[in-house]
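Work through the exercises below with the sequence and the coordinates open. Each task is followed by a solution in steps.

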Amino acid sequence: MEEPAAATAARSRFVVWLHGLGDSGRANEPVAGYAFAGARWAFPTAPTAPVTCNRGARMPSWFDIHDTPITSKSVRGEEDLLRSVQGVHAMIDREISAGTSPEDVFVFGLSQGGALSIASVLLYPKTLGGCAVFSGFLPFASSFRSRVTAEAKKTPVLWIHGRADFLVPIEAGQDGTKFLRGLGMSCEFKVHERLPPTVRFTVVLYMAELDAA
């Protein structure tokens, strides 16, 4: 995982933004200008690795994806996922050690990054300020339930999904929301009609809404 680029500001809220498959942290940095004014933003870039669903092509990827569209029946390879989770946790730990309250830490992600964001939050030993999943999915099997920490269950989640998303169908978002609510978590699910290239604009709109909440 490359070192993140973070906006310099007074230490208050800290936001980790996790990009989608084949993207980069730097390409997503403009998102920081639309919400959470004064927050410290981090935009890590995933390591480059072969991706099975793309015929082994190498690209920035948080973990391997075996097939698309992604559904609840898709193959889950958790080893590289957990390595990426450890990287996110290390970033959060550094920020908390520097004086940021866990309640002021937020983890957001788009598509594959959304999958990593929810996995990172569920395995973190403290309650964080919030998690936002944009057209993401659960990157683990149902057996993962026993590994979710009690404090993590108190972190609120906003899950937004594109209705016509053909790579991560809306059912994946609905299944994810059902799983989280089954844990007793607060998870708001919203549906948006549009998809890329408007997806980042959509993300910005919802982030502004989240910021105002």
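## Overall fold

The protein has a secondary structure of five helices and nine strands. The model is a predicted one.

## Helix α4

**Exercise 1.** Compare the reach of α4 with the expected value, then list its buried residues and what covers them.

*Solution.* Step one is the length. Helix α4 spans residues 170-182, which is 13 residues, and its first and last C-alpha are 18 Å apart, close to the 18 Å expected at 1.5 Å a residue.

Step two is burial. I170, A172, G173, G176, T177, F179 and L180 are the buried residues of α4. The elements covering them include α3 (112-123), β8 (157-162) and β9 (187-192).

Step three is the end of the helix. G182 belongs to α4. Its relative accessible area is 53%, and the cut-off for exposed is over 50%, so G182 is exposed. Just after α4, G184 has a positive phi of about 90°.

## Nonpolar cores

**Exercise 2.** Identify the residues of the largest nonpolar core that touch the most other members, and the element that supplies the largest share.

*Solution.* The largest nonpolar core has 45 residues, and those touching the most other members are I92, I118, L122, F137, V157 and L180. At least two residues each come from β2 (14-18), α2 (78-97), β6 (105-110), α3, β7 (130-134), β8 and α4. The largest share, seven residues, is supplied by α3.

Now take V157 alone. Leaving out residues up to four places away in sequence, V157 touches I118, C131, V133, L180, M185, S186, C187 and E188. A second, separate core has 15 residues, among them V31, F36, F43 and L110.

## Packing of α2 against α3

**Exercise 3.** Classify the arrangement of α2 and α3 from the angle between their axes.

*Solution.* The two axes come within 9 Å and cross at roughly 70°. Angles of 65 to 115 degrees count as roughly perpendicular, and α2 and α3 are therefore roughly perpendicular to each other. Their crossing is right-handed. On the α2 side the residues that meet α3 are L81, L82, S84, V85, V88 and H89; on the α3 side they are L116, A119, S120 and L123.

## Backbone details in loops

**Exercise 4.** Locate the cis peptide bond between T68 and P69 and describe R55 and S111, which have positive phi values.

*Solution.* T68 and P69 are joined by a cis peptide bond, with omega about 0°. P69 sits in the loop between β5 (57-60) and α2.

R55, not a glycine, has a positive phi of about 60°. R55 is in the loop between β4 (48-51) and β5, and it is exposed, with a relative accessible area of 84%.

S111 is also a residue other than glycine, with a positive phi near 55°. S111 is in the loop between β6 and α3. With a relative accessible area of 25%, S111 is partly exposed.

Terms used
Residues numbered from 1 in each chain as written. Predicted model: local features only at pLDDT ≥ 70, side-chain atom pairs only at ≥ 80, totals over all residues. Heavy atoms only, no water. Helix = DSSP H or I, 4+ residues; strand = E, 2+ residues; numbered from the N terminus. Expected span 1.5 Å × (residues − 1). Buried < 20%, exposed > 50% of the residue type's maximum accessible area, 1.4 Å probe, protein only. Contact = heavy atoms within 4.5 Å. Core = buried A, V, L, I, M, F, W, Y, C linked by side-chain atoms within 4.5 Å. Axes fitted to C-alpha atoms, helices over the stretch in contact; angles between N-to-C directions. Parallel < 35°, antiparallel > 145°, perpendicular 65-115°, else oblique. Left-handed = near helix turned anticlockwise from the far one by under 90°.
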